[in-house]
Amino acid sequence: MYKHNNPSAEGLSTPPPDDQPQSQPEQIQQAVDSLKDQPGAMLPILHAIQDRLGYIPDAAVPIIAEGLRRTRAEVHGIISFYHHFRTHPAGRRVIQVCRAEACQAVGARALEAHAKTSLGVDYHQTSADNEFTLEPVYCLGNCACGPSIRVGDDVHGRVTPARFDALVEELTTSVVSLRGGMKP
Amino acid sequence: MTVTVYVPRDTTALSLGADPVAARIEQAATERGVELKLVRNGSRGLFWLEPLVEVATPAGRVAYGPVTPEDVPALVEAGLFEGGQEHELALGLTEDIPYLKNQQRLTFSRIGITDPLSLDDYTGLRGFEGLKKALTLDGQGIIDEVKASGLRGRGGAAFPTAIKWQTVHDEPPGQKYIVCNADEGDSGTFADRLVMECDPYMLIEGMTIAGLAVGATQGYIYLRSEYPLAQKIFNEALRRAYAAGYLGENILGSGRHFDLEVRLGAGAYICGEETSLLDSLEGKRGMVRAKPPLPAIQGLFGRPTVVNNVLSLAAVPFILDQGGQTYADYGQGRSLGTLALQLAGNVKRGGLVELAFGTTLRTLMETFGGGTLSGRPLKAVQVGGPLGAYLPESQWDSPIDYEAFAAFGGVVGHGGVVMFDDSVDMGEQARFAMEFCTVESCGKCTPCRIGSVRGVEVIDRLRAGEDRDANLELLSELCETMVDGSLCAMGGMTPFPVQSVLKHFPDDLTRSRGGAPC
Ligand SMILES: Cc1cc2nc3c(=O)[nH]c(=O)nc-3n(C[C@H](O)[C@H](O)[C@H](O)COP(=O)(O)O)c2cc1C
Ligand code: SF4
Ligand code: FES
Ligand code: FES
């Protein structure tokens, strides 16, 4: 069992924009307070924090430990156990490539090699333009129509290298136009 | 006149463009002034035909597939809205498609037919009849019905469901739990996902019946985080079931109580193992617990707990509604009822095939699957997930049932069937089995944690052509150590695929690759 962080994204943590109503510690505290009375609240809290912030910052560990009466070491050990949780920010989009057997049987190995080359990253790394973080995943439940990838919450099937490139291109353009649209 | 068109919305249909197809159909209807009722149904599980569009006609629903957004104008031109069959994607009546017609859909009787979130659709096809029956029985009465069905756990270990329920039932009253294992980590499997996305009320009903049977008032569904759509659909189903009185403190006015909640996993295969799952639900690292104590006696938060796979619980409404004996009339020997087989990998017609136990693998892969997608010869098939052996052709004629498979060292597991054509390098598959274990081991015991790392190294050396005989022996011994010395089936079964490669495809393992990295 190992845990993958994203070394290349280290230090990329963007400061919250000025108009953000709540500071990061406040948001974390709020997630802890709203969920801590549930039985087995740890995973729901970690999910809530990651859903909101995109990752679980180090600063969350003491707040969670305090709220759930666990030691910081325990909290850290739990976060590091689960592949899903990241302790550093990802790129704007996370692309998960399925590495499991059913996808292997229809070309997933070639697809993963292509994804790495085309984005210029290895697994758990973020592309230089901070657009995409690449992660492995072991099955998306789309095994009759692989190779499969997941971008955000969307699963794509029958992904050939050409389709992968088209998708990346499409996502890059949409991100650019969205950002362009938001900035006056 | 209103035309009803169905466009599925399960993960696979969406992954192949069902949303843009639906949008194009709506657009075409508007342009032509057709009054359209668009239903986003679940998938029928005929994945090679997705997106599978259906149109209601007086003769029944007719199907078209696989439909791309670009196909829509021509389809409409060819009379889609009238159910016209003059198009190459036209498939005739959906129910007559042999792949579907030749199945025995007891559990999956509604998928793809209904709007998954419509309570009317569900109750219109016998939904909640099992629950109503259960409300007339006492706990023992429910368990006796499940016992009569012969149902065995569909999550992997095939333990008789009624015996597990009996144990929890017989514990003194107090807080008890029903935990549904929806971690579905095995590659090649998607049946749990189909239940949750395409017929969610069936799982709610099955879990509620389990709660009534053993005296549990709280249920949790531990769902893998890789299934965001299942989470979304299922949570909405929960909300509606509560609102309609099927869940909560007074189920259907009976005074009986059952609450249900979804909890998300976090990307750890080992959390599909039931004790690790319980630790994870409790908010810990997902470490495997030694048994005893059994979860049925000391499970979640130390209380008696039923842990069942989605498919085991989903079989229960049918059993209560139609009677255990009706279910047991399917299947053979000690493998009774139906099994949700999942055809995946390099297969021409992949999808869900629910059949009574006893079909052969060859029939499944050829008659249903239609051979490989690539059209090349089939070389190996992995049944039962990443811990299952790779089966060579000599084993494809054995019937699919728990005992027949065990007899030659195979596992039925959760019913995943992953096909590979002759371009596969089985040495690479053996290496992956070990690698997967290095990634997913919970780390509690050495044979699994360290053994798998060594396994990868030895296989790499073999494939580099180093010291063939010594390394083959080392690999065999390592496999035996892992099988004998691991606490759970993760370390204990990871050698199965490796040993099957050693035995049936040794050339792939030892053929020198000139030291090239794999
Ligand atoms: C490594 C490992 C992974 C497992 N993964 C799953 C899983 O994803 N889903 C599941 O239902 N059972 C899984 N199991 C089996 C469970 O431990 C347990 O037997 C099952 O949930 C019991 O339910 P059942 O009796 O209804 O099959 C796994 C077991 C092991 C050892
Ligand atoms: S066999 Fe592996 S996964 Fe199972 S308890 Fe041991 S270390 Fe954990
Ligand atoms: S192996 Fe890295 S995310 Fe699972
Ligand atoms: S193996 Fe890739 S989606 Fe299941």
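User: Before we look at the strands, what must DSSP find for two strands to pair?

Analyst: Two strands pair if DSSP finds at least two bridges between them. Please keep in mind that this is a predicted model.

User: Understood. In which sense do β1 and β3 of chain B pair, and over how many bridges?

Analyst: Strand β1 (residues 3–6) of chain B pairs with strand β3 (residues 53–57) of chain B in the antiparallel sense, and the pairing has 2 bridges. Within this pairing, Val5(B) has Val55(B) of β3(B) as its bridge partner.

User: What about β3(B) and β4(B), how do they pair?

Analyst: β3(B) also pairs with strand β4 (residues 60–64) of chain B, in the antiparallel sense over 5 bridges. Here Ala56(B) is found opposite Arg61(B) of β4(B).

User: And how many residues are between β3(B) and β4(B)?

Analyst: There are 2 residues between them, and the two strands form a hairpin.

User: Let us change topic to the ligands. Which residues come nearest to ligand 1?

Analyst: Ligand 1 has 20 residues around it, and the nearest are Gly155(B), Asn181(B), Asn308(B), Asn309(B) and Ser312(B). By class, this shell consists of 9 polar, 6 charged and 5 nonpolar residues.

User: Which element gives the most to that shell?

Analyst: β9(B) gives the most, with 3 residues. Both β9 (305–309) and α20 (489–493) of chain B supply at least two residues each to the shell around ligand 1.

User: Which atoms of Asn308(B) and ligand 1 lie 2.8 Å apart?

Analyst: The pair consists of an N or O atom in the side chain of Asn308(B) and an oxygen atom of ligand 1. Backbone atoms take part in other pairs. For Gly185(B), a backbone N or O atom lies 3.2 Å from an oxygen atom of ligand 1. For Gly272(B), a backbone N or O atom is 3.2 Å from a nitrogen atom of the ligand.

User: How much of ligand 1 does the protein bury?

Analyst: The protein buries 91% of the 610 Å² that ligand 1 exposes when taken alone.

User: Now ligand 2. Which residues are closest to that one?

Analyst: The closest are Cys442(B), Lys444(B), Cys445(B), Cys448(B) and Cys488(B), out of 13 residues that surround ligand 2. The shell around ligand 2 has 8 nonpolar, 4 polar and 1 charged residues.

User: Back to the backbone. Where are the cis peptide bonds around Pro292(B)?

Analyst: One cis peptide bond joins Lys291(B) and Pro292(B), with omega about -5°. Another joins Pro292(B) and Pro293(B), with omega about 0°. Pro292(B) lies in the loop between α12 (274–281) and β9 of chain B, and Pro293(B) is located in the loop between α12 and β9 as well.

User: What is the phi of Arg158(A)?

Analyst: Arg158(A) has a positive phi of about 50°, although this residue is not a glycine. Arg158(A) lies in chain A, in the loop between β5 (154–156) and α7 (161–182).

User: Finally, what average pLDDT does chain B have?

Analyst: Chain B averages a pLDDT of 97, and 99% of its residues score at least 70. Over residues 514–518 of chain B, however, the pLDDT is below 50. Beyond near neighbours in sequence, that stretch has 6 contacts in the model. Where pLDDT is low, the predicted coordinates should not be read in detail.

User: And what ipTM and pTM does the predictor give the complex?

Analyst: The predictor gives an ipTM of 0.96 and a pTM of 0.94.

Terms used:
Residues numbered from 1 in each chain as written. Chains lettered and ligands numbered in written order. Predicted model: local features only at pLDDT ≥ 70, side-chain atom pairs only at ≥ 80, totals over all residues. Heavy atoms only, no water. Helix = DSSP H or I, 4+ residues; strand = E, 2+ residues; numbered from the N terminus. Near = heavy atom within 4 Å. Nonpolar A, V, L, I, M, F, W, Y, C, P; charged D, E, K, R; others polar. pLDDT = per-residue confidence, 0-100. Contact = heavy atoms within 4.5 Å. Polar contact = N/O pair within 3.5 Å; in protein donor to acceptor, adjacent residues only side chain to side chain. Areas by Shrake-Rupley, 256 points an atom, 1.4 Å probe, with all protein chains shown as cover.
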